[in-house]
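I am opening my notebook on a new protein today. Here is the structure I looked at, and my notes follow below.

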Amino acid sequence: MKVWVTGAAGLLGRWVAKRLLARGDDVVAVDNRNRYALFGEDRKQPWPDELRHPKCIRVEESFDSPDALDLMREERPYAIVHCAAQTSHPRSIDVPLIDFEVNALGTLRLLESLRDEDRWRGGPRPRLVFISSAKVYGEKVCDASRMRTTGAYAPTKIPNSVKPDTRIVPATPEEDLWGDLDAETWTYGVNETCPIGDGTIMTPFGVSKAAADLYCQQYARLYGLDIVVLRPGCFTGPRSNAVVEQNWLPVLVRAAVRGKTFTCYGFGGKQVRSILHVEDLARAVEFSEVNLASV
């Protein structure tokens, strides 16, 4: 099979391509490789070694450019894994128009290309696996148990508890300041039925990813496109090009190894994060590309 991977030179894209190539697929790796300009680096990094493979075609273009979309039609991939994005919260605040143009408008152009039946006449349109973000939920979560028992969406903000001089952790139901949480909420957490973009706090990044996420859902429903949406949280892994503004964990590790100072932003340095390994996420993407039904 042939798979089109956008943002292929990024951390997730290269891991997805690696897995697809290992199973014998042909991969078209699309990346404009302009990350260096967005994050203040001096020059482009070389194409990742994972993409220097005889079954991989490297295309240095923006994924939504006319040339890239025309090439996609000519190559007729079985699936598209859309990893390309502006991924930094601070940068989205500094350059919200660029953030919107890449994440929301760029994804919409890709969807329009898939919707155009003239482009795909004579063959099936590819499945799209869209890499959304857990940040579409913002700082709001849903009371899962209340949704199951009443059928109503019940957004609620989970308060935090500070363990003395250590870290911030989610409050347990016994520590809940508002009295509207229960043990089942903590067991099941937030799932895909939680509404997004409603009464919450987001950065422009979260807004642009939510817009793209919703467009993907609507294009699947209105136009019959085969689309899977994944919403991963913080992920990282080996050989990532990390900066403080995005993919910060390797920066923290590098500072620790070198005995340097690392600045923690937000909540006095006491916040706790769960980190997803990029290889596990790439495995989920591969499974979605082959097996899952459309949204």
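**Entry 1**

I looked up Asp 25 and found it buried, at 4% relative accessibility. My cut-offs: buried is under 20% relative accessible area, exposed is over 50%, and partly exposed is in between, with a 1.4 Å probe and protein chains only. This is a predicted model, where local features need pLDDT of at least 70 and side-chain atom pairs count only at pLDDT 80 or more, while totals for chains, interfaces and linings use all residues. Residues are numbered from 1 along each chain as its sequence is written, and side-chain values use heavy atoms, with hydrogens and water left out.

Which residue pairs with Asp 25 in a salt bridge? I found Arg 23, with the closest N and O atoms 2.6 Å apart. I count a salt bridge when a side-chain nitrogen of Lys or Arg is within 4 Å of a carboxyl oxygen of Asp or Glu. Side chains of opposite charge can pair when their charged atoms come close. Arg 23 is partly exposed, with a relative accessible area of 29%.

**Entry 2: more salt bridges**

I then turned to Arg 109, whose side chain meets that of Asp 64 in a salt bridge of 2.9 Å, N to O. This pair links distant parts of the chain, 45 residues apart: Arg 109 is in helix 5, and Asp 64 is in the loop between strand 3 (56–59) and helix 3. I take helices (H or I, at least four residues) and strands (E, at least two) as DSSP runs, numbered from the N terminus. Arg 109 is partly exposed at 39%, whereas Asp 64 is buried at 14%.

Salt bridges that share partners join Arg 19, Arg 23, Asp 25 and Glu 286 into one network. Within it, I checked Arg 19 and Glu 286, which meet at 2.7 Å, N to O. Arg 19 lies in helix 1 (residues 11–22) and Glu 286 in helix 10 (residues 278–290), so the pair ties together parts that are 267 residues apart in sequence. Arg 19 is partly exposed at 25%, and Glu 286 is buried at 17%. My count for the protein came to 16 salt bridges.

**Entry 3: the two sides of helix 3**

Which residues of helix 3 (residues 66–75) are buried? I noted Ala 68, Leu 69 and Met 72. They lie on the same side of helix 3 because they cover an arc of only 95° around the axis, the arc being that of the directions from the helix axis to the C-beta atoms. On the other side, Pro 66, Asp 67 and Glu 74 are exposed. The cover over the buried residues includes strand 1 (2–6), strand 4 (79–82) and helix 5 (96–115).

I also looked at Leu 71, another residue in helix 3, and found it partly exposed at 23%. Leaving aside neighbours within four places in sequence, Leu 71 is in contact (heavy atoms within 4.5 Å) with Trp 4 and Val 59. Just after helix 3, Arg 76 takes a positive phi of about 50°.

**Entry 4: the whole protein**

I counted 10 helices and 12 strands. Buried residues make up 41% of the 295 residues. Among contacts with a separation of 6 or more, 72% are between residues 24 or more positions apart.
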